[in-house]
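I opened the structure and kept a notebook of what I looked up. The entries follow in the order I made them.

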Amino acid sequence: MDAGIVGLPNVGKSTLFNALTNAGALAANYPFATIEPNVGIVPIPDPNLERIHKHIETQKVISAVMRLVDIAGLVRGASEGAGKGNAFLSNIREVDAIAQVVRCFDKAPGGEEILHVDGSIDPMRDIDTINSELLLADLQAVESALSKAERAARSKEPEALARLAVLQKIKPVLDEGKPARVIASDIVDAEQHKAWRGLGLITAKPILYIANVDESDVNGQGELAQKVRAHAEAEGNAFVPVCAKIESELAELDPADKAEMLADYGMDEPALNKLAREAYRLLGLQSFYTAGEKEIRAWTVRQGATAPQAAGVIHTDFERGFIRANIYGVDVLDEYGSEKAIKEAGKMRVEGKDYAMQDGDVCHFLFNV
């Protein structure tokens, strides 16, 4: 799962990225499209891992992860190449979701002024700036692709016809100033759905709006953050309030000091935990687990994935040679205390190729290749 973190200058994007990646400990320069933005590997906080570990001894516990890409800053006119516009737009086409940081604070924690690129604090204007640039970039891409698609469709090949049909559906939507995602549910034909994915449209991606709030508003109840929340809900996208300054400090603390600082702010966990989980949910993902003496590990799969598809996440051979899966839930492990007791109670399920994975499944896959 890749999320691209974007925002205008001076909104706290870099501070947030460094906090998410534990002040750079997991970040690295990674070649990504045409430039090299920072890429961080962010563990998905998951209490199920510790629940499993209580009952099963293991050498290591491995979380599911999200790749966070700190994409070059955006300015007005990016769709026409302003700033690092071309690089920005190229990079953002490669990610699964957009994490848009929106400034909802006035001054820095020390009271000093942080100039805004547009001279004042207005999160809705900032959102409109970024979303307009993304929409214009998609519109340019669709207009460019349409003439080529029309020529290719003369061949009457299904793939060419599907691509043209999808482009013809998208263009009027973009012309109206609406994102491509509003018609995603209308793309039901298999060939057209394949063409849709191949276009890599930016405005087809879900957005997680991150309101970077002041230390006095960690829950995002202030007027500016509430505007962002309402906008996200109206779009059907996600919203998380985060104080990047607090999170960057928490990332540097040991567990005891971290717990004390959280208590001081009336927080039950770092906001970054909620951010990672919300991104996971936004993308329609869920976790299943494998557990044994060597490791307990969380794996990521899309909601609705079958047991063979889940097995394929571990190794393609597992999917190809899938026979069956022995599965139980984390709740069942808590109830019976061990896999041996689960088997003796007849609570270990045997599932076949048509089984739809459930969040929290602990699995043993049987395969033959």
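Before anything else I wrote down the terms for accessibility: buried means under 20% relative accessible area, exposed means over 50%, and partly exposed is in between (1.4 Å probe, protein chains only). I also noted that this is a predicted model, where local features need pLDDT of at least 70, side-chain atom pairs count only at pLDDT 80 or more, and totals for chains, interfaces and linings use all residues. Residues are numbered from 1 along each chain as its sequence is written, and side-chain values use heavy atoms, with hydrogens and water left out.

**Entry: salt bridges**

I took a salt bridge to be a side-chain nitrogen of Lys or Arg within 4 Å of a carboxyl oxygen of Asp or Glu. How many salt bridges does the structure hold? I found 18.

I looked up the pair of arginine 297 and glutamate 295, whose closest N and O atoms are 3.9 Å apart in a salt bridge. Glutamate 295 is partly exposed because its relative accessibility is 22%. Arginine 297 also counts as partly exposed, at 27%.

Next I looked at lysine 245, which forms a salt bridge with glutamate 249, with 2.0 Å between the closest N and O atoms. For their place I needed the rule that helices (H or I, at least four residues) and strands (E, at least two) are DSSP runs, numbered from the N terminus. Both lysine 245 and glutamate 249 lie in helix α8, four residues apart, which is about one turn of the helix. Lysine 245 has 32% relative accessibility, so I wrote it down as partly exposed. Glutamate 249 is partly exposed as well, at 27%.

I then checked arginine 125 and aspartate 126, whose side chains meet in a salt bridge of 3.4 Å, N to O. Is aspartate 126 buried or exposed? Aspartate 126 is buried, because its relative accessible area is 3%.

**Entry: charged patches**

Patches are made of residues with over 30% relative accessible area and no salt bridge; like charges are joined within 9 Å, and nonpolar side chains (Val, Leu, Ile, Met, Phe, Trp, Tyr) within 5 Å. Lys and Arg count as positive and Asp and Glu as negative, while His and the chain ends are not counted. The place of a charge is taken as NZ of Lys, CZ of Arg, CG of Asp or CD of Glu. Accessible areas come from the Shrake-Rupley method with a 1.4 Å probe, and for residues only the protein chains shown count as cover.

Which residues form the positive surface patch? I listed Lys148, Arg151, Arg154 and Arg163. Lysine 148 sits in helix α4 (residues 123-152) and is exposed, with a relative accessible area of 53%. Arginine 163 belongs to helix α5 (residues 158-175) and is partly exposed at 34%. I also looked up the C-alpha atoms of lysine 148 and alanine 160: they are separated by 9.8 Å, and the two residues are 12 apart along the chain.

A negative surface patch is made by Asp254, Asp257, Glu260 and Asp264. I placed aspartate 254 in the loop between α8 (244-250) and α9 (255-264). Its relative accessibility is 40%, so aspartate 254 is partly exposed.

**Entry: positive phi**

Most residues other than glycine have a negative phi. I found that lysine 156, which is not a glycine, has a positive phi of about 65°. Lysine 156 lies in the loop between α4 and α5 and is exposed, at 61% relative accessibility. Asparagine 10 is not a glycine either, and its phi is positive, at about 65°. I placed asparagine 10 in the loop between β1 (2-6) and α1 (13-20), and it is partly exposed at 42%.

**Entry: polar contacts**

A polar contact is a pair of N or O atoms within 3.5 Å; within protein, one must be able to donate a hydrogen and the other to accept it, and residues adjacent in sequence count only if both atoms are side-chain atoms. Arginine 67 is in strand β5 (residues 65-70), and its side chain makes a polar contact of 2.9 Å with the side chain of aspartate 2. With a relative accessible area of 18%, arginine 67 is buried.

Threonine 290 is buried, at 16% relative accessibility. Its side chain makes a polar contact with the side chain of tryptophan 299, at 2.9 Å.
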